[in-house]
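Hi,

Here is the structure I said I would pass on. Have a look at it first, and then read my notes below.

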Amino acid sequence: MTGRGWFSVREAGPGVHLIAEPGHVNSYLVHGEEFALLYDSGMGIGDIGREVRALTGLPLLVVNSHHHYDHRGGNASLRGVAAEFAVHAAGAELHLAPAPGEWLAAYAHLAQGLRERYEALRAIDAQGFFLTDSRVEVRPVPELAHWRIEAVRPTRLLREGDVLDLGGRRLTVLHTPGHSPDGLCLWEPATGLLLAGDTLISGSFFAHVPGADVAAFARSTARLAELPLGTALLGHNLRHRESRGFVADVAEAFAAVRDGRTRPVRSVDMFGVPVLRHDFDGFAVLTAAPAAAREAGGEGP
């Protein structure tokens, strides 16, 4: 494991490195014999290209799990490093827009608050619980006044069933809409490894953002639960690794939300957007709040 300021880098499995922005986004570098593959490039706050170059000299394929800014923010730092930038065909046009200034400002504020809350949690934890792990602590936020997320045009479009041959290991593209229409996971049948992006989260599932679809989420997670999965590597949060049992729990949760078998409470997401919160064991599903609740700021019964 290494830490270079913003990033925490460590092995996540045989031939796989986790390149984490702890508390934010998890990216994964998969090493083949002929090629390396970077699944997501993170926030663009640090130079993920430097991290990748320190780990491999192989030709690099960058695969973005979906078009959201926090999963393609580092693409610009990989120009000249990556041979190709691959995305699902359903989201190709969505990669052509840079992150707007208001989104960057909102996230910068959120990131600072996250660090402050983490420091308060760690101070309590140090009194005797020792539940936190300094190796993956939420990082102090660097100066973000000049932070930008540029648009990088994809050079390769992926579709369901495509196989990415890295030499000695083969990853299959699974189209998994739900969080976004262009969501994709990468599945390695030989090892049972799943790179899950935002299709699986060990925290709050954002099923309320533009483009999200609860029914699609339910179908995608049910499909993943049927795989002979050994390890799922997740796109966010400090708990980045989960098992097949977790995937089954998520699939059942989304089926329950879809079918109206939950009793959600009104809440807000990390940006302050009103949502309905459906709580489960170890995670939550956030869905869109009714219009009246949104207008009222999400308060009330």
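Which residues lie nearest the centre of the largest pocket? They are Tyr-107, Phe-206, His-236, Met-270 and Phe-271, out of a lining of 45 residues. Before you go on: this is a predicted model, where local features need pLDDT of at least 70 and side-chain atom pairs count only at pLDDT 80 or more, while totals for chains, interfaces and linings use all residues. Residues are numbered from 1 along each chain as its sequence is written, and side-chain values use heavy atoms, with hydrogens and water left out.

A pocket here is an open set of points on a 1 Å grid over the protein atoms alone where a 1.4 Å probe fits, with protein on both sides within 12 Å along at least five of seven lines; lining residues have an atom within 4 Å of a point. Helix 3 (101-125) is among the elements supplying at least two lining residues, and helix 3 gives the most, with 7. (Helices are DSSP runs of H or I, at least four residues; strands are runs of E, at least two; both are numbered from the N terminus.)

Now for strand 11 (residues 184-188). It is largely enclosed by the rest of the structure, because 5 of its 5 residues are buried (under 20% relative accessible area, 1.4 Å probe, protein chains only). Leu-184, Leu-186 and Glu-188 point one way, Cys-185 and Trp-187 the other.

Strand 11 pairs (at least two DSSP bridges) in the antiparallel sense with strand 10 over 4 bridges, and Leu-186 is the bridge partner of Val-173. Strand 11 also pairs in the antiparallel sense with strand 12, over 3 bridges, and Glu-188 stands opposite Leu-193 there.

Cheers

Notes:
Buried < 20%, exposed > 50% of the residue type's maximum accessible area, 1.4 Å probe, protein only.
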